[in-house]
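Hi everyone, thanks for coming. Let's look at this one together, and please keep the picture in view while I talk.

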Amino acid sequence: MRYLKTLLLILLTISVAKAQDETPLIEKLKQKLNQVHEYVAFGKMKTDVAFIKAPIGNVKMYYQQPNHFKLVRNGGISILPKGGISINMNAIISVNNYVALSAGNTMVDGFPTKIVKLLPMNENNDIVLTTLYIDEKNLLIRKAITTTKENGTYQIAMQYGQYSNWGLPNKVIFTFNTQDYKIPKGVTLEMDEALTDEDRKRMQQKNGRVEIDYTSYTINKGLPSGIFN
């Protein structure tokens, strides 16, 4: 993976002179997202990983700058790669030393977007490369594809509604390759049935999909003490 990142860095460095620098656009996105210092969100979560189709469960999410996030689910299972657990863009674009280059334009869910390749310059960063599909008019990230060192590549698609002024989605669709994801021993099914080694093997043969429909946010009103401990 280190060699891959080095190669990507070389290729992107060579392309800098030809590609448009999108750093100003990324900084505008940061400013918008930085309006949200913390939030508590409620929603419904659907998990579909290989042969497991868990029932829709209620979830409660806590976020605090810069990258604190906690998801609590009532029943069922919760399987998310570590790198994407926050299911928000703050962690992805919070890097300070990066290269941001234009990679064209396309439509996402009927919205014109600008494609931006975001490459962190710090070799210790778990994120190797992120491709952002940015709705420049509304300053919203419609889709992001992220490659990590530890958990392969995952994609986050976002839909917005009444919280778009804060850059917060009404719906998130999170997909990832379970073959690249190290399924932890602590993951359980319904009725607290532990996953067997054969279950894990079967799960790692197909893609995983997680959908969260947000029903409400409470923004910048403070959080319970010690919630992230």
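Let's start with E136, which is partly exposed at 40% relative accessibility; that label covers values between buried, under 20% relative accessible area, and exposed, over 50%, with a 1.4 Å probe and protein chains only. Before going on: this is a predicted model, where local features need pLDDT of at least 70 and side-chain atom pairs count only at pLDDT 80 or more, while totals for chains, interfaces and linings use all residues. Residues are numbered from 1 along each chain as its sequence is written, and side-chain values use heavy atoms, leaving out hydrogens and water.

So what does E136 meet in a salt bridge? Its partner is K114, at 3.4 Å from N to O; a salt bridge here means a side-chain nitrogen of Lys or Arg within 4 Å of a carboxyl oxygen of Asp or Glu. K114 sits in strand β6 and E136 in the loop between β7 and β8, so the pair ties together parts that are 22 residues apart in sequence. Strands are DSSP runs of E, at least two residues, and helices are runs of H or I, at least four, numbered from the N terminus. K114, at 14%, is buried.

The whole structure has 6 salt bridges. Another one links K30 and E27, at 3.6 Å, and both of those residues lie in helix α2, 3 residues apart. K30 is buried at 11%, whereas E27 is partly exposed at 31%.

One more pair is R209 and E211, at 2.8 Å. Here R209 is partly exposed and E211 is buried.
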